[in-house]
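Reader: Could you walk me through this complex, one question at a time?

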Amino acid sequence: MDVERRKVLKAGGGMTLLTMLAAAGWLEPQAALAADAWNAAAFDTRSMDETMKALGGGAPAQSKDITFFQTPDIAENGAVVPVGITSAIPKTESIAILIEKNPNMLAAVFDIPPGTDPSLSTRVKMGQSSNVYALVKADGKYYVASKEIKVTLGGCGG
Amino acid sequence: MADPMRIRATAVGDSTEVKVLMNHEMETGQRKDAQGKTIPAWFIQSVTATYNGKTVLSAQWGPAVSKNPFLSFKFKGGTKGEKVQITWTDNRGDKRTDEATIS
Amino acid sequence: MPAMIRRAAVRAAFCVGATAIATTACAQTSAVDEIAKYRAALQDGNPAELWEARGEDLWKTPRGPGKVSFATCDLGLGPGVVKGAYAQLPKYFADADRVMDLETRLVWCMVKQQGYSEADATKNPFGGPGQKSDIEALVAYITSESRGVKMNVAMDHPKEKEAFALGEKMFVYRGGTHDFACQTCHGEDGKRIRLQDLPNLMTVAGAQKAYTTWPAYRVSQGELRTFQWRLNDCFRQQRFPELIFTSDASIALTMYLARNANGAVFDAPSIKR
């Protein structure tokens, strides 16, 4: 991590945490596999502002070119909430999922190398009904779209 | 050694669609057991998918990803019969690599 | 009507839950639609497949004091035959002189062929974090081999008829601290607990839809759950005494519901909330 960090810092100022992650971990499989490449700080933020600060952005621009697919409005159980995100913004480099009311907002960050569709789906845990944010980094800039997902409990609660 | 993943790699037009099911507790570290003790966090932190030695997706995860994680993505290229490899590493340093043949 | 059910019905009518949905008929319908979308979105990747893979391994690997695989285990279609086996269970087995469901038959094979003690074979029927259940994995694998097969539970042997009759009686038997029967929740159309629609298991359509979708990966459990688990958990929610794993009572109820599902195409392991 240190070697990569030095390389990155040498390259110029104004580096965001996300870019550092990209330089140090994502674009180099070996580094990504090392446990210490995991960015604890980014996964430890508790508010939208904190998260955006940690990721080196101000308020990201709202974008209609980021859409959710196969993402229901109501989840029968918060343990497994399907979230699918597609970014139609050119030069999309990463897609992150943030859940506003979770204990820690950042759920996952995906690095999209050239040649990979900027579209993926996974499942996340939601502690309660909340806004879910799809944060996209494209060509060095940040964009966001959000969706409210309500979480409920079915049946007898079992 | 962790239980194997279930990977499906399918050729779709000029792309390859990959769907993965991983075997992992993804314990958040927020839960308590019957005795009131906190169950320690145990979750996948990084995921890498490669094809022909090239990374086609990499990710960093927190414990908010669901238990027995599911992931679906697509990349351009990929020939039937070739392999897609997925590796995950968790916060305990455990690792698992599985591969699937593109069909 | 018991007070508990009256309260549940009133709660249900006001759509109370973790959501703040307006109490209009329109909002109620859209909530149902959204939940249908949630269920559809889950179909794409079912973690049950992880249990199926482990179960196939367990079925084929020699194990136990006897160091034999399940290749000699007869589930009703011949030793080692798995394809279509679940769709004809429960059934009477002459070698045990007993009607058996899948879990019971697996325990039988584990004891009689693999040499496990009854206690060891039944000690971990329902898995949890860090505690995998071999039986759940075996059930996942074996049921997956009946996917697409029409339910065809026979009822020729007197003991099969007996089991069905007992199950039918149990279904409407009120008991426990809340005076519940299975019928209380599952004996009428249009019932609901919070946002969960309750199938009427006393109709053919209801029984078919319910029985053909178990076992299931239960998202709220984070585990694959079998039909024995489903009945056990219903008993718990009814405040009944525990339904003993592979007891005659559990098999009777299974027989009643499985037989009523005849003709429907089996489609499990599925994924549910």
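Author: Happy to! This is a predicted model, in which local features need pLDDT of at least 70 and side-chain atom pairs count only at pLDDT 80 or more, while totals for chains, interfaces and linings use all residues. Residues are numbered from 1 along each chain as its sequence is written, and chains are lettered from A and ligands numbered from 1 in the order in which they are written.

Reader: How many helices and strands does chain B have?

Author: Helices (H or I, at least four residues) and strands (E, at least two) are DSSP runs, numbered from the N terminus. From that end, the elements of chain B run β-β-β-β-β-β-β. The C-alpha trace of chain B spans about 55 × 20 × 20 Å along its principal axes. The count for chain B is zero helices and seven strands.

Reader: What percentage of the residues of chain B count as buried?

Author: A residue is buried if 20 or more other C-beta atoms lie within 10 Å of its own, exposed if 12 or fewer, and partly exposed in between, with C-beta atoms placed from the backbone. Chain B has 103 residues, and the buried share is 48%.

Reader: Which elements of chain B give two or more residues to the side that touches chain A?

Author: Two residues are in contact if their C-beta atoms, placed from the backbone, lie within 7 Å. The contact takes 29 residues from chain B and 32 residues from chain A. The elements of chain B that give two or more residues to this side are strands S3 (44–51), S4 (54–61), S5 (70–76) and S6 (83–90).

Reader: Which are the edge strands of the open sheet of six strands?

Author: The order of this sheet is S2(A)-S4(A)-S7(A)-S5(B)-S2(B)-S1(B), with antiparallel pairing. Within the sheet's order, S4(A) (residues 81–87) and S7(A) (residues 116–124) are joined by six bridges, and Pro82(A) has Arg123(A) as its bridge partner. An edge strand here pairs on one side only, and the two are strand S2 (66–69) of chain A and strand S1 (6–12) of chain B.

Reader: How many residues of chain C are in contact with chain A?

Author: On the chain A side, strand S3 (74–75) and strand S9 (141–151) each supply at least two residues. Chain A brings 19 residues to the contact, and chain C brings 20 residues.

Reader: How many of the residues of helix H6 of chain C are buried?

Author: H6(C) covers residues 134–144 and is mostly covered. What covers its buried residues includes helix H3 (48–60), helix H4 (102–112) and strand S6 (223–225) of chain C. Among the buried residues are Leu138(C) and Tyr141(C). The count is 10 of 11.

Reader: Why are H9(C) and H11(C) described as roughly perpendicular?

Author: Axes are lines fitted to C-alpha atoms, for helices over the stretch in contact, and angles run from 0 to 180 degrees between N-to-C directions. Angles under 35 degrees count as roughly parallel, over 145 as roughly antiparallel, 65 to 115 as roughly perpendicular and the rest as oblique. The axes of H9 (residues 204–211) and H11 (residues 248–260) of chain C come within 7 Å and cross at roughly 110 degrees. H9(C) and H11(C) are therefore roughly perpendicular to each other.

Note on methods: Two strands pair if DSSP finds at least two bridges between them.
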